[in-house]
Amino acid sequence: LEEDDRNFDKDPFDDILGIFGKTERKTTPSQSVKEYDAIQDLLNERTHAETFTEYMLRIIAEKGLCETEVYHSVFMDRKLFNKIRNDANYQPSKRTALLIAIALKLSVQEAQELLGKAGFALTHCSKTDLIIECCLLHGIYDIFEINEMLDAFGQQTLNKVQ
């Protein structure tokens, strides 16, 4: 019982820190306050950053595109597009973000920025991402062509319309 009592009082983080070769946590009040302030600063920056929806709508306006043409070009459901448009904090799936990037005929850099606003990225460890990046680099924005290429390389297509 005495050993159990000692383990009960033990800080569970000590075991975790031991895995990383650290013996104690730095928990001075001033350090915790600094860390809290740093996190708060990051959260405030995010609050003022352009969202996925705001970025999408800005690009549509800058390019003089019609919203209907945008979502029709990639066979996106009107309800989904309206949901994105009307919710400034909408977090799309990666598939949806890729469809928007293609519909807006974005460059690779612009697509990376758009995807980043949704918490994603085009990576070189994904065949799908590499194929999409190649299409964007070569100005291929036809969803049928892109889906054909994805299918030819054994990847899931971006939408079911083929």
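Predicted model: local features only at pLDDT ≥ 70, side-chain atom pairs only at ≥ 80, totals over all residues.

I began with a working definition: a nonpolar core is a set of buried Ala, Val, Leu, Ile, Met, Phe, Trp, Tyr and Cys residues joined through side-chain atoms within 4.5 Å. Buried means under 20% relative accessible area, exposed over 50%, and partly exposed in between, with a 1.4 Å probe and protein chains only.

Residues are numbered from 1 along each chain as its sequence is written, and side-chain values use heavy atoms, with hydrogens and water left out.

**Entry 1: the overall layout**

I counted 10 helices and zero strands; helices (H or I, at least four residues) and strands (E, at least two) are DSSP runs, numbered from the N terminus. Buried residues make up 30% of the 162 residues in the chain. I also looked at contacts, meaning heavy atoms within 4.5 Å. Among those between residues at least 6 apart in sequence, 56% join residues at least 24 apart.

**Entry 2: the core**

Which residues touch the most other members of the largest nonpolar core? I found Ile-102, Ile-132 and Leu-158, out of 36 residues in that core. At least two core residues come from each of α4 (52–62), α5 (67–73), α6 (78–86), α7 (94–103), α8 (108–117), α9 (127–137) and α10 (143–152). The most come from α7, which gives seven.

**Entry 3: α9 and its partners**

In α9 I noted Thr-128, Asp-129, Ile-131, Ile-132, Glu-133, Cys-135 and Leu-136 as buried. The buried residues of α9 pack against α7, α8 and α10.

I took a further look at α9 with α10. Their axes come within 10 Å and cross at roughly 145 degrees; axes are lines fitted to C-alpha atoms, for helices over the stretch in contact, and angles run from 0 to 180 degrees between N-to-C directions. From α9, Thr-128, Ile-131, Ile-132 and Cys-135 make the contact, and from α10, Ile-146, Met-149 and Leu-150 do.

Thr-51 is in the loop between α3 (29–48) and α4. Is Thr-51 buried or exposed? It is buried, with a relative accessible area of 14%. Not counting residues up to four places away in sequence, Thr-51 touches Ala-88, Asn-89 and Lys-117.

Thr-157 lies in the segment after α10 and is buried too, at 18% relative accessible area. A polar atom of the Thr-157 side chain lies 3.0 Å from the backbone oxygen of Asn-159.

Most residues other than glycine have a negative phi. Phe-75 lies in the loop between α5 and α6.

Lys-105 has a positive phi of about 55 degrees as well. I found Lys-105 in the loop between α7 and α8, where it is exposed, with a relative accessible area of 51%.

Methods
Polar contact = N/O pair within 3.5 Å; in protein donor to acceptor, adjacent residues only side chain to side chain.
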